Amino acid sequence: MSTKGKVKGIISNLVIVTVDGPVAQNEICYIETGNTKLMAEVIKIIGDNAYVQVFESTRGLQVGAEAEFMGHMLEVTLGPGLLSRNYDGLQNDLDKMLGVFLKRGEYTFPLDEEKLWDFKPLAKAGDVVEAGSWLGEVDENFQPHKIMVPFTFQGQYTVKSVVTEGQYRIFDKIAVVTDSEGKDIELNMTQKWPVKKALTCYTEKPRPFRLLETGVRTIDTANPIVEGGTGFIPGPFGTGKTVLQHAISKQADANIVIMAACGERANEVVEIFVEFPELTDPHTGRKLMERTIIIANTSNMPVAAREASVYTAMTIAEYYRSMGLKVLLMADSTSRWAQALREMSNRLEELPGQDAFPMDLPAIIANFYGRAGYVHLKNGATGSITFIGTVSPAGGNLKEPVTESTKKAARCFFALEQARADRKRYPAVNPIDSYSKYIEYPEFEEYIAKRISPDWTKNVNEMKTLLQRGKEVQEQINILGDDGVPVDYHVTFWKSEVIDFVILQQDAFDKIDSVCPIDRQQFMLNLVMDICRTKFDFSSFTDVMDYFKRLINICKQMNYSEYQSEAFNGYLKELNEMLTLETAQK
Amino acid sequence: MATKAFQKIYTKITQITKATCSLKATGVGYDELATVNGKLAQVVKIMGEDVTLQVFEGTEGIPTNAEVIFLGKAPTLKVSNQLAGRFFNAFGDPIDGGPEIEGEEREIGGPSVNPVRRRQPSELIATGIAGIDLNNSLVSGQKIPFFADPDQPFNQVMASVALRAKADKIILGGMGLTNDDYLYFKNVFNNAGVLDRIVSFVNTTENPPVERLLIPDQALTAAEYFAVDHNEKVLVLLTDMTLYADALSIVSNRMDQIPSKDSMPGSLYSDLAKIYEKAVQFPAGGSITIIAVTTLSGGDITHAIPDNTGYITEGQLFLRRDSDVGKVIVDPFRSLSRLKQLVIGKKTREDHPQVMNAAVRLYADAANAKTKLENGFDLTNYDERTLSFAKDYSEKILAIDVNIGTEEMLNVTWGLFSNYFKPEEVNIKQELVDRYWAK
């Protein structure tokens, strides 16, 4: 018998239900109103009163309405067919919903029950398996989708039988396993997992070290993120958070990309819907949509489901990681998620922390980022979840609670800067404030030396030093005036401008410049650093400016040209002539 | 329950605050409307038998034995073609002396559009104002506010945008409009002979502030009627959203909620998003575009209202008086239209994106030169040229009194480039320079 209850109080989407039996924290219940059932989650219990947050509008709900408790927490359904789908924060398939407007209380099944999958067994009768062991494999959009022993299973099981290679539906029996007490359990291709619990079917989580190529120069070259790494992008509105995030999700070298649009603009999600089926993955040549899952809980969708959406996304990411795949998870924006927590904490009349956010916000954020990572699975394979979240700091002030809490949890910091955005220097990532902790990892240094070249790290550090130096010089010029400093100072400043214009700035809307593969990044960095190491001798600061402006213009034309093409090499020749001319004069 | 709740009359109010009153009642639905001595109110909290009502007009003069009648429904608006050309108050009652509207009664503040059913906005809304069309092109289905100080002519600019945009219907949601501004809009629409395309919901400064909370939902319900039922292109004007947010904070304060930043309710973001996200391009061809006004205090955009708005809307338009040319301009640095990428260079000429960026970059160089000048440093020849460019650019492109077509805007800008600069100084793709550089 499941626990039942009756509605006693309503304040917006916080509903108080008097229950007649046991209830658990975070348990799901359905409240009946009119002809629909509203899904809700228990968030506080006092005596026989359960406080639940309803994932829908409570308009018209009355005291005395019936509630039924389901005996489980908020779960997602995992199985083949998740890819290319568009879900809301509770994993309802948005495409299955009829009508232009969302209907309250409409819940749709996330997978396709009828589709036939080509199943290949990986385990055989007699194998000893445990939660997360691979039983078989189906081909899902060219990804080897592993069918695994349910993660909820505890201890060891023996495989009794696995079906032969062939076509099966998700609910068809594909294996029978026997538990330690000799009981047979039939398994199909699906399983469920509560989203707020981390899925930990792995043996260890070593420090990540492999570069995750994003094709964005200011990330890959200056502050790289790694497979299984964590990063965040804070920035005031209008600084290009979403453009940068979309660029990363389009170009990153990952098997699976999950995008959680959490409390952001609906039109931005529409952009993904429109573009991704058309665009191709630069690494495989297949359509981007094939590797993508979108969790869309836009800002006008119910607030409580917004909080759930990031967990839904993370759980699906963990599922694919357990198959030994490289997953990239993007959440835009984690601030909206934090605000959802705040709204509820406020209705619960909890004592507020800073800016009225709940006191445990830093812990919640740290916990969430902690679920990402590079793991060794029990069968020796590796998988990873790289997580990049955006933060929308209130008033653009990075000293607010969400940014500060995230800074403690994430290892890469891509600070978007208003001043850079105002000057249209996109991506507006501040090169000096931003950092990647992974650069300091010796295992990363070793890896990158092999992957790119042994002098890569040295070049990058030299570049950063020069940027810093350029900024200092610029400040001095601002104070002392153009002719108040030696001409050399201008040369240093303009060298840093070359780095800024040629390496850091990138046109996300240009077909060629938007994606910069790592070999091209290496070429451009070498080129720019060679320019920076060249000794110039100008007689006046106006000469310096004119010269470097021309030089930057040529380099930019190179960025706009196909790599190694005739046009590209033409500009390169022009550039070299310019350099020899200037140095030969001496 | 045998008797319907709305037939029952309650006469015992247990608690009265400035904006709310409470009583014991049963069978009441959340969000339901009620009348308290004839004043309209809405259920905001139910705790067992205790029901709290938010009285829109305020609770002045309400006695403890006031008659409370529950209406059994959420706020509604009657929709039909009769709406066109009419003026209403926050409750949807006519204020122009005309007859009541006959039509289907719809709940306001209805559900959101399923994101997968939306279409990507792709139609340019030309306004003739180059500061908007060139640098911050508007697209149908977009939502964008003017960020302006109260003394700036935002209502005038908004009115001319509304008249030049080729919308089938223009819906004005006026919140805390001064009577003078209300009459201004009425006159402008009347003189332009477009009154039959306009529907107005107006709450003036003379009306109680809490009533304003209904205005955006009323306006957008009417907008959805025309955009969904008639597939029309609807432009919704909301002025001033800062006063709307202020009304939100009044209510949350009266309900003892813990304020977050700038004494705004913690739910401000969601409350504003619910309104702005009604902007949409429907699959059947209708669209809702929202142009709003958020007044600032001393240009401060870090205040919670503009800040949250900026995160929700697809850009913002800044007005600023440029003392160099003595005109109000659309500030190219702080203004932004996020959807412009969908139309510029696609619906407009191919050189649009690069020309736009190059001009703004040069304008930024001029700003640096100006700082140098103010600090008493010598200017280089390049600095001098950027300053001259900036002045021309401000006058011929950014000023709000400019009214030209998009191609002409581009040609004018190329002309300015060649007047003051060499091609390598503007950083534009060579093939475009070859094609458009004014010789």
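**Pairing, packing and contact in a two-chain model**

Ile10(A) has Ile46(B) as its bridge partner in strand 5 of chain B. This pair belongs to an antiparallel pairing, over two bridges, between strand 1 (residues 4-11) of chain A and strand 5 of chain B. The model that shows this pairing is predicted.

The contact between the chains can be described residue by residue. On the side of chain B, 61 residues are in contact with 62 residues of chain A. Several elements of chain B each supply at least two residues of the side that touches chain A: strand 5 (39-47), helix 6 (268-276), helix 7 (304-312), helix 8 (352-374) and helix 11 (423-426). By residue class, this side of chain B divides into 27 nonpolar, 19 polar and 15 charged residues.

Chain A may be considered next as a whole. Its secondary structure comprises 14 helices and 25 strands. Along the principal axes, the C-alpha trace of chain A spans about 90 × 55 × 45 Å. The radius of gyration of chain A is 27 Å, which agrees with the value near 25 Å that a compact globule of 586 residues would have. Of these 586 residues of chain A, 52% count as buried. As for the separation of contacting residues along the sequence, 68% of the contacts in chain A between residues at least 6 apart join residues at least 24 apart.

Strand 17 of chain A runs antiparallel to strand 7 (residues 75-78) of chain A, and four bridges join the two. Within this pairing, Gln191(A) is the bridge partner of Leu78(A).

The largest nonpolar core has 310 residues, and the residues with the most contacts inside it are Ile258(A), Leu329(A), Val498(A) and Val236(B). Helix 4 (residues 303-321) of chain A gives the most to this core, with twelve residues. The surroundings of Val498(A) can be listed: not counting residues up to four places away in sequence, Val498(A) touches Val528(A), Ile531(A), Cys532(A), Phe548(A), Leu551(A), Ile552(A) and Cys555(A).

Chain B is divided into domain 1 (5-70), domain 2 (76-107 + 140-313) and domain 3 (352-436). The centres of domain 1 and domain 2 of chain B, taken over C-alpha atoms, are 27 Å apart. Their contact takes ten residues from domain 1 of chain B and nine residues from domain 2 of chain B. On the side of domain 1 that touches domain 2 of chain B, the residues divide into four nonpolar, four polar and two charged.

Ser249(B) lies in helix 5 (residues 241-254) of chain B. Is Ser249(B) buried or partly exposed? Ser249(B) counts as partly exposed because it has 18 C-beta neighbours inside 10 Å, whereas a buried residue requires 20 or more. Leaving aside neighbours within four places in sequence, Ser249(B) is in contact with Ser263(B), Met264(B) and Pro265(B). The C-alpha atom of Ser249(B) is separated by 9.7 Å from that of Asp262(B), which is 13 residues apart from Ser249(B) along the chain.

Notes: Residues numbered from 1 in each chain as written. Chains lettered and ligands numbered in written order. Predicted model: local features only at pLDDT ≥ 70, side-chain atom pairs only at ≥ 80, totals over all residues. Rg over C-alpha atoms; globule rule 2.2 N^0.38 Å. Buried ≥ 20, exposed ≤ 12 C-beta atoms within 10 Å, placed from the backbone. Contact = placed C-beta atoms within 7 Å. Domains from an automatic or database assignment. Nonpolar A, V, L, I, M, F, W, Y, C, P; charged D, E, K, R; others polar. Pairing = 2+ DSSP bridges. Core = buried A, V, L, I, M, F, W, Y, C linked by C-beta atoms within 7 Å.
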